[in-house]
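Please examine the sequence and the structure shown below. The paragraphs that follow lead through them step by step.

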Amino acid sequence: MQKEYKLSREILPDVYKITLPVPGKRPGPVNVYLFKGRIVTLIDTGTAQTAGLLQKALAEHDLGFADIGRIIVTHGHPEHCGAAKKIVNAGRAKVAAHAEDVVSIEKGMDVSTGRYRSFLKLTGVPPSTGMMLRLLFFLFKYMADNCGVDLVMREGDEMEIGKYRAKIIGTPGHTKGSVCIYLEKEKALFCGDTLIEHITPNAFVMLDEKEPLPVRLSQDEFYGSLEKIKILCPSMIYSAHGKDIPNIEQIIEGYKKAFAERQEKVLSIILAGEKNVYRIARLLFPEIGGWRLPLEIFLSISEAYTNIQVLHKERKVFLNVINGLLEVTHAQEKGSVQ
Ligand SMILES: [Zn+2]
């Protein structure tokens, strides 16, 4: 008789989906994937706080943290790598991540807090909100123990994962170093946060340690990554949040439609005369706010800014830094300077 598991579900032979809670409503609980085999592998780990629950889920398979041989981190956000250190400390697990997210996993953030602070100042975040965002970074640190990365993954790397052969697909956009793990033979894609069934993933603003304003266009990179995934034609996609995704075309079309609508909305706010990125973000998402929601506020600024970057590339808006504040001007506005 087949064994019943309360805390995991078999999605492929000897591959199990374990869902762990994450604070806040969106994006919701995180899915961790267990691959049994010669090298017992986990894709992502959940937060430091759910390490105990992950242990219980593994125990149903007669496994403990000491049995884990490898952890593949899809990207450096805390609910994906938060328990890695605890697993490593218990035994022999090696942590693998893309080169561009190594710093986030090892230090908790991709760039210094000073760089975040100066970016937020440029976007016009009021001092009180700046305080909330500091609380957010504190929360991030709380959710994830910093952990060293042993294996730096790059595009096209191949590795053994449980009983399967996997290929690493670099899919920047949500973060600089987001990856998908593709089982070519089975046409199964483990996509991290690059595709989520119930929401459009946030293309996080890609701050640069050396530049005052981000140079990389997160939204462009995100949509480029989606095209790359589409070409693979996976027959099933296993996301880090929410349900499995059987139809890639449908979800990408939905994302593109939402993106076009958002671009229109941002442009109309700018056309109405709003120049300040923080206020554009607040108008874009009027439903969010309150002292308990620093993450939502940061995400809204990130979303507004990365949309503005695309509008700037398309020469629909102009950007100028005036008195230490970034000003966004609609290209149609009289007397606007590029
Ligand atoms: Zn994420």
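At what angle do helix H8 and helix H9 pack, and how far apart are their axes? Before the answer, two conventions apply. Residues are numbered from 1 along each chain as its sequence is written. The model is predicted, and local features need pLDDT of at least 70, side-chain atom pairs count only at pLDDT 80 or more, and totals for chains, interfaces and linings use all residues.

Helix H8 (residues 248-271) and helix H9 (residues 277-284) pack at an angle of about 125°, and their axes are 10 Å apart. Helices (H or I, at least four residues) and strands (E, at least two) are DSSP runs, numbered from the N terminus. Axes are lines fitted to C-alpha atoms, for helices over the stretch in contact, and angles run from 0 to 180 degrees between N-to-C directions. H8 and H9 are therefore oblique to each other; angles under 35 degrees count as roughly parallel, over 145 as roughly antiparallel, 65 to 115 as roughly perpendicular and the rest as oblique. On the H8 side, Lys 265, Val 266, Ile 269 and Ile 270 meet Ile 280, Leu 283 and Leu 284 of H9, where contact requires C-beta atoms, placed from the backbone, within 7 Å. The residues of this contact divide into six nonpolar, no polar and one charged. In this classification Ala, Val, Leu, Ile, Met, Phe, Trp, Tyr, Cys and Pro are nonpolar, Asp, Glu, Lys and Arg are charged, and the others, Gly among them, are polar.

H9 also packs against helix H10 (residues 294-313): their axes come within 8 Å and cross at roughly 110°. That makes H9 roughly perpendicular to H10. H9 contributes Val 277, Tyr 278, Ile 280, Ala 281 and Leu 284, while H10 contributes Ser 300, Ile 301, Glu 303, Ala 304, Tyr 305 and Ile 308. By class, nine of these residues are nonpolar, one is polar and one is charged.

The largest nonpolar core has 58 residues, of which Tyr 33, Ile 71 and Val 95 touch the most other members. Such a core is a set of buried Ala, Val, Leu, Ile, Met, Phe, Trp, Tyr and Cys residues joined through C-beta atoms within 7 Å. A second, separate core of 28 residues includes Val 125, Leu 207, Ile 280 and Ile 301.

Glu 100 lies in the loop between strand S6 (94-98) and helix H4 (102-107). Glu 100 counts as buried because it has 20 C-beta neighbours inside 10 Å; a residue is buried with 20 or more other C-beta atoms within 10 Å of its own, exposed with 12 or fewer, and partly exposed in between.

Notes: Two residues are in contact if their C-beta atoms, placed from the backbone, lie within 7 Å.
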